[in-house]
Amino acid sequence: MSEDTVAQGGIFSLALAGGDTPQTLYHLLAQPPFVEQLPWSQMHFFWGDERCVPPDDPESNYEQARRTILKKELVPEENIHRIRGEWGSIKAAQDYAVQLRTFAAEDLAWPRFDLVLLGMGADGHTASLFPGQISADELVSPTLAVTANYQGRPAPRVTLTPLVFNSAHHLMFLVTGKSKAEALAAVLGSTNNPKRWPVQRIHPSKGSVVWMVDEDAASQLPGNINYLFEHEL
Ligand code: 6PG
């Protein structure tokens, strides 16, 4: 995917997810054989959300990626477009919107990402879109300052909004573990309740959505949802 995009347009824009689940993938991509296959110098890295902590804080999504996928010798500094969490959520959200504008697609104020990676919390949140009332800003702005308590992680955050996710070319959700089984069954089930299950706010107009889940996370999926595990392929 990245090679085709680079061949066609020059850069491959990727929005990373925070949280623990994608860390194994990030680590793998920076190791042989993948490390030799990816067009690192043409890849531009963004984030779907960030916690408002300094960039070297172990809770920073940027820092977690820097320790795994963003090896200094691979990715030029100018290809890294982080959310400046240390500035506080409001200022960082405004600054990130300005950064996104630099890479905006013709008809938008933000890039049409080639690939967005997303996780999901046990409560059905994704990026930093949490259950509850949908704010009016979420419907008009590419970035949002939010406050949300989840598993003792930093509460002040900045997130991209569904406007941005829904204009991406490809989205991939990475979900593992029993604690996510109920939420996964609900978000992929027949009831649409985007206030309760923020993942349901993500439905790209043209882009593709792929769910990569493990058997524990899939353990409560209703029978009418077809899926294949790797060992069945
Ligand atoms: C964050 C996130 C968040 C995360 C989920 C899942 O910064 O916390 O981007 O949306 O993806 O909470 O996290 P885990 O993979 O750790 O379960």
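A: Let's begin with a term: a residue is called buried when its relative accessible area is under 20%, exposed when it is over 50%, and partly exposed in between, using a 1.4 Å probe and protein chains only. By that rule, 52% of the 233 residues of the protein are buried. Please keep in mind that this is a predicted model, in which local features need pLDDT of at least 70 and side-chain atom pairs count only at pLDDT 80 or more, while totals for chains, interfaces and linings use all residues. Residues are numbered from 1 along each chain as its sequence is written, and side-chain values use heavy atoms, with hydrogens and water left out.

Now for the overall picture. The protein has seven helices and eight strands; these are DSSP runs numbered from the N terminus, with helices being H or I of at least four residues and strands E of at least two. The C-alpha trace spans about 45 × 40 × 35 Å along its principal axes. For 233 residues, a compact globule would have a radius of gyration near 17 Å, and the protein agrees because its own value is 17 Å. That radius is taken over C-alpha atoms, and the globule rule is 2.2 Å times the number of residues to the power 0.38. A contact means heavy atoms within 4.5 Å. Among contacts with a separation of 6 or more, 71% are between residues 24 or more positions apart.

Here is the loop you asked about. Thr126 lies between strand 4 (115-118) and strand 5 (143-147), and Thr126 counts as buried because its relative accessibility is 0%. The Thr126 side chain reaches the backbone oxygen of Gly119 at 2.7 Å. This is a polar contact, meaning a pair of N or O atoms within 3.5 Å; within protein, one must be able to donate a hydrogen and the other to accept it, and residues adjacent in sequence count only if both atoms are side-chain atoms. Leaving aside residues up to four places away in sequence, Thr126 touches Leu118, Gly119, Phe173, Pro198, Val199 and Ile202.

Ala127 has a positive phi of about 45°, although it is not a glycine. Most residues other than glycine have a negative phi. Ala127 is buried, with 12% relative accessibility.

Gly121 also belongs to the loop between strand 4 and strand 5. With a relative accessible area of 3%, Gly121 is buried. Not counting residues up to four places away in sequence, Gly121 touches Tyr150, Lys180 and Ala183. One of these, Ala183, leads us to helix 7 (residues 181-188), where Ala183 is among the buried residues, together with Ala181, Leu184, Ala185 and Val187. The buried residues of helix 7 pack against strand 8 (208-213).

Gln151 sits in the loop between strand 5 and strand 6 (156-160); its phi is near 50°, a positive value in a residue other than glycine. Gln151 is exposed, at 58% relative accessibility. His203 is in the loop between helix 7 and strand 8, and His203 is exposed as well, with a relative accessible area of 52%.
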